[in-house]
Amino acid sequence: MLLEFKHISVLLEECLDGLNIRPDGIYVDGTAGGAGHSRAIASRLTTGRLLALDKDPDAVQTATERLRPYPQAQVVQSDFSLLCGVLDQQGVALVDGILLDLGVSSFQLDTPERGFSYMHDAPLDMRMSKTGLSAYDVVNTYDFKALCRIFHDYGEEKFTPVIAKRILSYREQHPIETTVQLAQLIREAIPMKARREGGHPAKRVFQAIRIEVNGELTSLAAVLTNAFERLRAGGRMAVITFHSLEDRMVKQQFAAFCSGCTCPPDFPVCVCGKQPRGRLINRKPIEPSAEELAANPRSKSAKLRIIERLTN
């Protein structure tokens, strides 16, 4: 049975244009989700091929059904950080395009039992793969220092210490089992004035826990460097980010691919011989239009960056 996997593809036309899709090319959608981007790519292929990856088994089931009319598309359950291994298994050396749509899907947010959202009362979970470390494990077993690290580094939460102390104090008496329990503890820890500013007071902490549970930044760092090596000359990588930590990583790595000579500025001639390996398609990130924001408010923080590989 097809799951009711609702997710509006963000910056769809911008991604398709940015990837410069060829009908005979080979493409990878590293975050298939509800297959919105994947279907649009597959529909433009004739003799080409699409590999659609996702580590969420619900997404894999949905994408498999939605891509069934496209024989040129294949769905693989895998974290995108393992993209190169998937290509090796499929006998693919180089590809013409790679798309990554990062973050959590609307389906995951809107399915209460997945435990991603502070808007629904559900068991603390947040596992995209439905396996391994859960949000419950993080909240109930991490010590003060570890909680502070993830809240500060992944959530950029300025009230990190008081929130961590509140969590540790509460769990000495009872385990923290649900999303609403955790959201209420965070709310109680934050000063009254701050509760009225900047959206829901639990937003940043929930983001931080989700990133920790799913190893999102570790996976992103791995795929940015490794996947670029699998682009053929002229191939492109398009990455959609939804928060500043991701966007900063993508921006810096793309800049590194595009940098050439690294000799000290006082050298009269270049002796390192390094040449740029990539070219930025857009100097500044592409953001949703006013029309897209009106149709899909969740696209508000999306930023799209695209790079083209120059040589192999």
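In this predicted model, lysine 130 has a relative accessibility of 38% and therefore counts as partly exposed, a class that lies between the limits of 20% for buried and 50% for exposed. Lysine 130 belongs to the loop that joins helix H5 (106-110) to helix H6 (135-141). The phi angle of lysine 130 is positive, about 65°, although the residue is not a glycine. Asparagine 20 is another non-glycine residue with a positive phi, in this case near 55°. Asparagine 20 is placed in the loop between helix H1 (12-19) and S1. With a relative accessible area of 46%, asparagine 20 is also partly exposed.

The strands are considered next. Strands of a sheet pair through backbone hydrogen bonds, and the pairing is either parallel or antiparallel. Seven strands form an open sheet in the order S3-S2-S1-S4-S5-S7-S6, and the pairing within this sheet is mixed. The edges are taken by strand S3 (73-77) and strand S6 (278-280); each has a single partner strand, so one side of each has no neighbour in the sheet. From one strand to the next, the twist averages 15°.

With strand S2 (residues 49-54), S1 pairs in the parallel sense over four bridges. Within this pair, valine 28 is opposite leucine 51 of S2, and aspartate 29 is opposite alanine 52 of S2. With strand S4 (residues 95-101), S1 pairs over three bridges, again in the parallel sense. Here tyrosine 27 has glycine 97 of S4 as its bridge partner. S1, H2 and S2 together make up a β-α-β unit, and this unit is right-handed.

Is threonine 31 buried or exposed? Its relative accessibility is 15%. Because this value falls under the 20% limit, threonine 31 counts as buried. Apart from neighbours within four places in sequence, the residues in contact with threonine 31 are Leu53, Asp54, Phe80, Leu99, Leu100 and Asp101.

On the other side of the strand order, the pairing involving S7 is antiparallel. Strand S5 (231-241) and strand S7 (303-309) are joined in the antiparallel sense by six bridges. In this pair, alanine 238 is set opposite isoleucine 306 of S7. S6 and S7 also run antiparallel, and three bridges join them. Leucine 280 is the residue opposite isoleucine 307 of S7. Of the seven residues of S7, six are buried, so this strand is largely enclosed by the rest of the structure.

Two helices were examined for their position on the sheet. Helix H3 (residues 57-66) lies across S2 and S3, and its direction is at about 165° to S3. Helix H12 (residues 216-228) lies across S4, S5, S6 and S7, and runs at about 160° to S5.

Two packed helices are described by the angle between their axes and by the distance between the axes. For helix H7 (residues 144-155) and helix H11 (residues 203-214), the angle is about 105° and the axes are 8 Å apart. H7 and H11 are therefore roughly perpendicular to each other, since this description covers angles from 65 to 115 degrees. H7 contributes Arg149, Ile150, Phe151, Tyr154 and Gly155 to the contact, and H11 contributes Arg204, Val205, Gln207, Ala208, Ile209, Ile211 and Glu212. Sorted by class, the contact of H7 with H11 consists of seven nonpolar, two polar and three charged residues.

H11 also packs against H12, at an angle of about 55° and with the axes 6 Å apart. H11 and H12 are therefore oblique to each other. The residues that make this contact are Arg210, Ile211 and Asn214 on H11, and Glu216, Leu217 and Ser219 on H12. Two nonpolar, two polar and two charged residues are found in the contact of H11 with H12. Ile211 of H11 is listed in the contact with H7 and also in the contact with H12.

Definitions and conventions. Residues numbered from 1 in each chain as written. Predicted model: local features only at pLDDT ≥ 70, side-chain atom pairs only at ≥ 80, totals over all residues. Heavy atoms only, no water. Buried < 20%, exposed > 50% of the residue type's maximum accessible area, 1.4 Å probe, protein only. Contact = heavy atoms within 4.5 Å. Pairing = 2+ DSSP bridges. Right-handed = clockwise from strand over helix to strand, strands pointing away. Axes fitted to C-alpha atoms, helices over the stretch in contact; angles between N-to-C directions. Parallel < 35°, antiparallel > 145°, perpendicular 65-115°, else oblique. Nonpolar A, V, L, I, M, F, W, Y, C, P; charged D, E, K, R; others polar.
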